[in-house]
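Have a look at the structure first, then read on.

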Amino acid sequence: RGGAGARRGGKMASTAAGKQRIPKVAKVKNKAPAEVQITAEQLLREAKERELELLPPPPQQKITDVEELNDYKLRKRKTFEDNIRKNRTVISNWIKYAQWEESLKEIQRARSIYERALDVDYRNVTLWLKYAEMEMKNRQVNHARNIWDRAITTLPRVNQFWYKYTYMEEMLGNVAGSRQVFERWMEWQPEEQAWHSYINFELRYKEVDRARSIYERYILFSLLVIVHPDVKNWIKYARFEEKHSYFAHARKVYERAVEFFGEEHMDEHLYVAFAKFEENQKEFERVRVIYKYALDRIPKQDAQNLFKNYTIFEKKFGDRRGIEDIIVSKRRFQYEEEVKANPHNYDAWFDYLRLVESDADAATVREVYERAIANVPPIQEKRHWKRYIYLWINYALYEELEAKASKRTRQVYQACIELLPHKKFTFAKMWLLYAQFEIRQKNLPLARRALGTSIGKCPKNKLFKGYIELELQLREFDRCRKLYEKFLEFAPENCTSWIKFAELETILGDIDRARAIYELAIGQPRLDMPEVLWKSYIDFEIEQEEYEKTRNLYRRLLQRTQHVKVWISFAQFELSAGREERLQRCRQIYEEANKAMRSCEEKEERVMLLESWRSFEEEFGSDTTKERIDKLMPEKIKKRRKLQAEDGSDAGWEEYYDYIFPEDTANQPNLKLLAMAKLWKKQQQESEAAAMDPDKDVDESQT
């Protein structure tokens with residue numbers, strides 16, 4: 001019976017185990033994704049937000065007897081030891097453990113923990129600081145000194161240990177001990193602030209001599225000078241002496257600093273401080289000497305603050321001349337920088353020279369001019385030389401007008417003329433200025449030689465005109481004739497030269513020579529302004545009252561051109577001839593012009609002619625002639641024409657005005673068509689007016 005029961009029990013157990021091993025899984029009917037999806041970022045964000053929720057504080061445990069306290073201590077120590085055993089390098093676990101022991105007044109245990117931690121990581125600054133603070137907090141002064149000594153011995157480059165140690169000794173009133181710590185610190189050649197802390201420590205106890213000795217060690221010891229060769233250390237030392245009214249010592253410190261840094265490592269801050277010190281001592285001449293000494297030796301780009309302080313000093317204690325000197329010096333520095341950056345910046349040279357001329361002596365001005373003209377343009381193209389040439393001109397004018405040195409002025413002009421590449425281009429202005437200078441020096445042969453040389457080397461219209469103008473002023477008319485001949489050989493197309501030559505002969509009373517010059521001029525195959533030449537010739541003949549010759553000139557001109565202005569001028573001439581038949585001649589000219597202009601494509605010119613004719617008839621004509629000219633006037637109509645772009649595509653339509661002349665037989669059909677169109681438009685308007693007024697009788701013919 002027992003075996004059967006066991007067998008039955010075994011079967012039931014196996015069945016139960018089988019049922020547990022194969023649990024039933026619920027079938028998912030809807031496998032579609034949910035409408036609102038949850039991302040991994042959302043899950044993390046929600047978890048982070050729930051971390052911030054306030055948890056209920058743990059229940060407070062009240063210890064009632066010693067046994068519970070010991071049990072609590074055992075559990076906490078076991079927790080701390082387990083944390084340390086898990087990760088010995090996490091110093092925060094050691095510090096928390098030690099602070100907990102300290103809170104229980106277990107100072108000996110806390111020391112043991114700190115010592116164990118230092119064995120793990122003795123380079124941890126925080127560990128040393130917490131250890132020493134614990135000892136100081138519990139008034140264990142000797143223990144604290146021992147810890148600070150070990151700390152500064154182990155880590156002497158950690159300034160915080162030294163600061164804390166000296167502060168502790170000073171707070172305990174152990175001034176000698178604090179001084180001893182500072183001395184040990186100085187042996188390590190610390191940073192600048194450590195020295196100043198030592199100096200301030202001595203000054204707090206009125207030990208000025210000791211502070212001075214520290215400054216001396218700081219400044220003069222060779223190693224310290226190499227480590228701290230900064231200007232501000234010297235300035236602090238000098239101000240220390242000044243503050244304690246040792247003015248001679250302060251001045252000596254500044255002088256030693258100037259001597260130490262020399263001219264290679266000059267610093268404007270040192271000289272500004274030195275000058276302000278002397279200014280406080282009312283030594284104004286010494287201040288001025290210091291500023292000028294520094295400005296002459298320090299590079300200008302590094303002396304902006306020096307300039308500023310010097311300007312302020314001169315405004316406070318100097319005269320007007322001193323203020324102007326410093327301002328000019330500052331501007332001169334700016335121009336020097338500009339021309340140094342770009343020597344071919346001639347505008348900067350002009351400004352610089354203008355400044356120097358207004359304030360400096362002749363030697364300085366000449367030096368700057370020589371530096372400026374030495375920057376010859378690198379390319380031999382006239383556009384690059386146009387600004388440069390004015391440097392030479394200004395140089396010559398300065399030597400002549402300001403320096404009163406005629407010999408140097410001549411040398412400047414000659415040097416400039418030799419420099420110019422005359423085969424490629426020249427500057428007529430330079431030649432003419434040189435000639436005018438020689439004339440002012442009453443040296444006419446040299447002036448003529450210079451202008452003759454210029455015409456021979458590089459003839460130009462301006463040179464010829466200038467030379468001719470000179471000879472005209474000297475009343476050398478034969479020379480003027482020769483120069484005009486040379487000029488016209490050089491430029492026969494220049495109409496102005498022909499006209500001026502003829503006017504010269506007219507003034508001299510040689511009419512035949514003037515007429516011959518005009519004839520030669522109009523016979524030239526190429527002229528730049530032929531209309532001006534013909535007009536001058538015609539005006540010349542009118543002035544001589546040679547009306548037949550004037551008519552012949554007009555006829556010759558009309559053979560060359562049929563311009564409407566020539567016809568109108570011809571008609572106006574006939575009208576002003578002053579004879580009885582002048583009206584008939586003028587009307588005849590208009591008739592000829594109208595016939596000649598019929599074949600002209602420019603209809604505006606023909607309209608201009610008819611308007612001039614109509615003005616003439618309105619003033620001098622009869623009713624018959626007025627009616628006749630009115631019939632000749634064209635009708636102005638608006639037309640459209642197609643436009644084409646540059647690529648040949650259609651660019652739209654354009655409206656323009658055209659003229660239809662009644663006497664043109666080719667345009668008669670157009671006139672008839674236009675008249676019929678106007679008549680039809682008039683009939684349409686009348687029929688519309690009749691339809692708008694039914695009470696009005698309408699004639700059949702009109703309908």
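Is Lys442 buried or exposed? Lys442 is exposed, at 79% relative accessible area, where exposed means over 50%, buried means under 20% and partly exposed is in between (1.4 Å probe, protein chains only).

## Ground rules

This is a predicted model, so to speak of local features takes a pLDDT of at least 70 and side-chain atom pairs count only at pLDDT 80 or more, while totals for chains, interfaces and linings use all residues. Residues are numbered from 1 along each chain as its sequence is written, and side-chain values use heavy atoms, with hydrogens and water left out.

## Loops with a positive phi

Back to Lys442: it sits in the loop between helix H24 (428-440) and helix H25 (444-457). Helices here are DSSP runs (H or I, at least four residues), numbered from the N terminus. Lys442 isn't a glycine, yet its phi is positive, about 60 degrees.

Arg475 has a positive phi of about 60 degrees too, and is not a glycine either. With 57% relative accessibility, Arg475 counts as exposed.

## H6 against H7

Helix H6 (residues 125-137) packs on helix H7 (residues 141-154) at an angle of about 160 degrees, the axes being 8 Å apart. Those axes are lines fitted to C-alpha atoms over the stretch in contact, and angles run from 0 to 180 degrees between N-to-C directions. H6 and H7 are therefore roughly antiparallel, the term for angles over 145 degrees.

Who does the touching? From H6 come Trp128, Leu129, Tyr131, Ala132, Glu135 and Met136, and from H7 His143, Ala144, Ile147, Trp148, Arg150, Ala151 and Thr154. Contact means heavy atoms within 4.5 Å. By class, the residues of this H6 and H7 contact are nine nonpolar, two polar and two charged. Nonpolar covers Ala, Val, Leu, Ile, Met, Phe, Trp, Tyr, Cys and Pro, charged covers Asp, Glu, Lys and Arg, and the others, Gly among them, are polar.

## H20 against H22

Helix H20 (residues 362-373) and helix H22 (residues 389-402) also pack at about 160 degrees, with axes 10 Å apart. That makes H20 roughly antiparallel to H22. On the H20 side are Ala362, Val365, Arg366, Tyr369, Glu370, Ala372 and Ile373, which meet Leu391, Trp392, Asn394, Tyr395, Tyr398 and Glu399 of H22. The H20 and H22 contact has nine nonpolar, one polar and three charged residues.

## Two buried side stories

Tyr165 belongs to helix H8 (residues 159-171) and is buried, at 5% relative accessible area. Setting aside neighbours within four places in sequence, Tyr165 contacts Arg145, Trp148, Asp149, Ile152, Val181 and Arg184. Tyr165 and Ala151 are 14 residues apart in sequence, and their C-alpha atoms are 9.8 Å apart in space.

Ser197, in helix H10 (residues 192-204), is buried as well, with a relative accessible area of 15%. Not counting residues up to four places away in sequence, Ser197 touches Tyr163 and Phe182.

## H15, tucked inside

Why call H15 largely enclosed by the rest of the structure? Ten of its 13 residues are buried, among them Leu270, Phe274, Phe277 and Glu278. Helix H15 (residues 268-280) reaches 18 Å from first C-alpha to last, close to the expected 18 Å, which is 1.5 Å times one less than the number of residues. After H15 comes Lys282, with a positive phi near 65 degrees.

Definitions and conventions: Parallel < 35°, antiparallel > 145°, perpendicular 65-115°, else oblique.
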